[in-house]
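I opened my notebook to get to know a new structure. Here is what I looked up, step by step.

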Amino acid sequence: MGSASDDGRDRDAEGRARSARPRDGLGRPLPYGADGVERQPEGVVRTPEETVDEAQALLEAGKPFHAHEVFEDAWKSGPEEERALWRGLAQLAVGLTHAARGNLTGGARLLRRGAGAVEEWGARAGQERPYGMELPELIAWARELAGVVERDEAAVDAGAWAPRLRGSKA
């Protein structure tokens, strides 16, 4: 990954602060030396279709934190007119991450914020199915999950609640 700097912080190859601690499937840091899940590389430029495919696989594997990193790459490297879409999708993945970690208030808030961002982007762009994603279904999923998290006041299983980005028929 990198090495520790003079200030004792882990750094990546470019010198940016980045923890080298292993992480669990929900992105929580584990003690040094523990077995964690492989981290998503950052800054990968993918086609939109590759982004959707990779994020879907990670979501289904119960790794929404890692899916968020894939969406974040698209948000940062994609065309300006799509950044709000990818940012909203990243918020949905982080919302699911928080809901699975037991941060219920933060999870519900991010799920609703992401749903609103995706909905707004779709309305502004005049698109409901960018790259085969079913935005209305995804928005409904996020709002339903936010309600479940608030009602049940319990962490959810990230894999069981993984959204189908391309819809339930995909």
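**Entry 1, the chain overall.** I began by noting that this is a predicted model. I looked up the secondary structure and found 5 helices and 2 strands in the protein chain. Then I read along the sequence, and the order came out as β-β-α-α-α-α-α.

How much of the protein chain is buried? I found that 45% of its 170 residues count as buried.

Next I picked helix H2 (residues 64-77) and helix H3 (residues 83-101). Their axes come within 8 Å and cross at roughly 165 degrees. An angle over 145 degrees counts as roughly antiparallel, so H2 is roughly antiparallel to H3. I also noted the handedness: H2 passes H3 in a left-handed crossing.

Which residues do the two helices bring together? On the H2 side I listed, among them, Phe65, His68, Phe71 and Trp75. On the H3 side the contact residues include Trp86, Leu89, Val94, Thr97 and Arg101. Sorting the contact of H2 with H3 by class, I got 12 nonpolar, 2 polar and 5 charged residues.

How values were computed
Residues are numbered from 1 along each chain as its sequence is written. This is a predicted model: local features need pLDDT of at least 70, side-chain atom pairs count only at pLDDT 80 or more; totals for chains, interfaces and linings use all residues. Side-chain values use heavy atoms; hydrogens and water are left out. Helices (H or I, at least four residues) and strands (E, at least two) are DSSP runs, numbered from the N terminus. Buried means under 20% relative accessible area, exposed over 50%, partly exposed in between (1.4 Å probe, protein chains only). Axes are lines fitted to C-alpha atoms, for helices over the stretch in contact, and angles run from 0 to 180 degrees between N-to-C directions. Angles under 35 degrees count as roughly parallel, over 145 as roughly antiparallel, 65 to 115 as roughly perpendicular and the rest as oblique. A crossing is left-handed if the near helix is turned anticlockwise from the far one by less than a right angle, and right-handed if clockwise. Contact means heavy atoms within 4.5 Å. Ala, Val, Leu, Ile, Met, Phe, Trp, Tyr, Cys and Pro count as nonpolar, Asp, Glu, Lys and Arg as charged, and the others, Gly among them, as polar.
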